[in-house]
Amino acid sequence: MSRDLAAPQGPSPATDDDAPAAPAAARTRPLLRAGLGLVLPAALLVLWHVLSTAGVFSPVQLPPPLAVLEAGAALLASGDLWTHVGISTQRVLLGFLIGAGLGLTAGSFIGLSRWGAALVGPTVGAFRAVPSLAWVPLLLLWIGLGEDSKIVLVAIGAFFPVYTTVAAALRHVDRNLVEAARAFGLHGLRLLTTVQLPAVLPSVVSGLRLALAQAWLFLVAAELLGASMGLGFLLTDSQNNGRTDRLLLAIVLLAVLGKASDALLGVFERWAGRRWT
């Protein structure tokens, strides 16, 4: 019998050329997903260009993308663009942090306390149905035209999604898990932060994402409160002055900033998932 026939027939060792295949494929997938995510915005941009240049809409109704870009460049050159973006981002960030923090606290209380759910839950649910613009006259009367009224309105928008999702999720935490944690001496706030909130982490992050989107929506209403800067002010001022190019620019910037902030929450979700799950 020859040596070739007598040799063991086990799996051949991987070669150096084969080793990088899996990491390369792993790196390709996020790039592919990002590329697919850009297909629809690119198609909408092309459609926008066609509709604005083919005479379907007048330049006043729908300026071409290049005109919107030029309006953005003019605001950038004057320094107003960064001021609008910075002030709106600051208002959303502060309002979101305040509203989400209060929503997390109230949602934890309602979700873990039957008495709290019975006493407070119906009232909070009723306030949740109040439209954002309905708060504007009261905030003007109570707080005035300063920054505080705008941040409070954004915080109201961020409060309810976090409150609702956290309260509902905590009611369904596995009781056996909670009892096991109590057996190890975990109670109160330590039990909440160590066991119960990590157990409902996906729901908490979903509530935070909804709250962030709601904060950007409430921003426009907030900047109706006598604002002189910000993207909401840019929207209304452009409408009043017939500057549709700047109006569309404000809408595009709101969309980009909303998506960017949501992506940052996605990074937090992955970090929290690795730490607590």
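Modeller: Start with the contacts. Count those between residues at least 6 apart in sequence: 72% of them join residues at least 24 apart. Contact here means heavy atoms within 4.5 Å. The model is predicted, so local features need pLDDT of at least 70 and side-chain atom pairs pLDDT 80 or more, while totals for chains, interfaces and linings use all residues. Residues are numbered from 1 along each chain as its sequence is written, and side-chain values use heavy atoms, without hydrogens or water.

Now the secondary structure. The chain has 14 helices and zero strands. Both are DSSP runs, numbered from the N terminus: helices are H or I with at least four residues, strands E with at least two. Of the 277 residues, 35% count as buried. Buried means under 20% relative accessible area, exposed over 50%, and partly exposed in between, with a 1.4 Å probe and protein chains only. The accessible surface comes to about 16900 Å², and 68% of that belongs to carbon and sulfur atoms. These areas come from the Shrake-Rupley method with a 1.4 Å probe; for residues, only the protein chains shown count as cover.

On to your salt bridges. The rule asks for a side-chain nitrogen of Lys or Arg within 4 Å of a carboxyl oxygen of Asp or Glu. By this rule there are four.

Take Arg91 with Glu147. Their side chains meet at 2.6 Å, N to O. The pair links distant parts of the chain: Arg91 sits in helix 5 (residues 80–112), Glu147 in helix 9 (residues 147–170), and 56 residues separate them. Glu147 is partly exposed, at 33% relative accessibility. Arg91 is buried, with a relative accessible area of 4%.

Arg91 also pairs with Glu223. Here the closest N and O atoms are 2.7 Å apart. Glu223 lies in the loop between helix 12 (201–222) and helix 13 (231–240), and Arg91 in helix 5, so this bridge ties together parts that are 132 residues apart in sequence. Glu223 is buried, with a relative accessible area of 2%.

Next comes Asp262 with Arg209. Their side chains meet at 3.4 Å, N to O. Asp262 lies in helix 14 and Arg209 in helix 12, so the pair joins parts 53 residues apart in sequence. Asp262 counts as partly exposed at 21% relative accessibility. Arg209 is also partly exposed, with a relative accessible area of 30%.

Now put the pairs together. Shared partners join Arg91, Glu147 and Glu223 into one network.

Leu254 is buried, with a relative accessible area of 16%. Beyond residues up to four places away in sequence, Leu254 touches Trp216, Leu219, Val220, Leu231 and Leu235. Leu254 and Leu219 are 35 residues apart in sequence, yet their C-alpha atoms are 9.9 Å apart in space.
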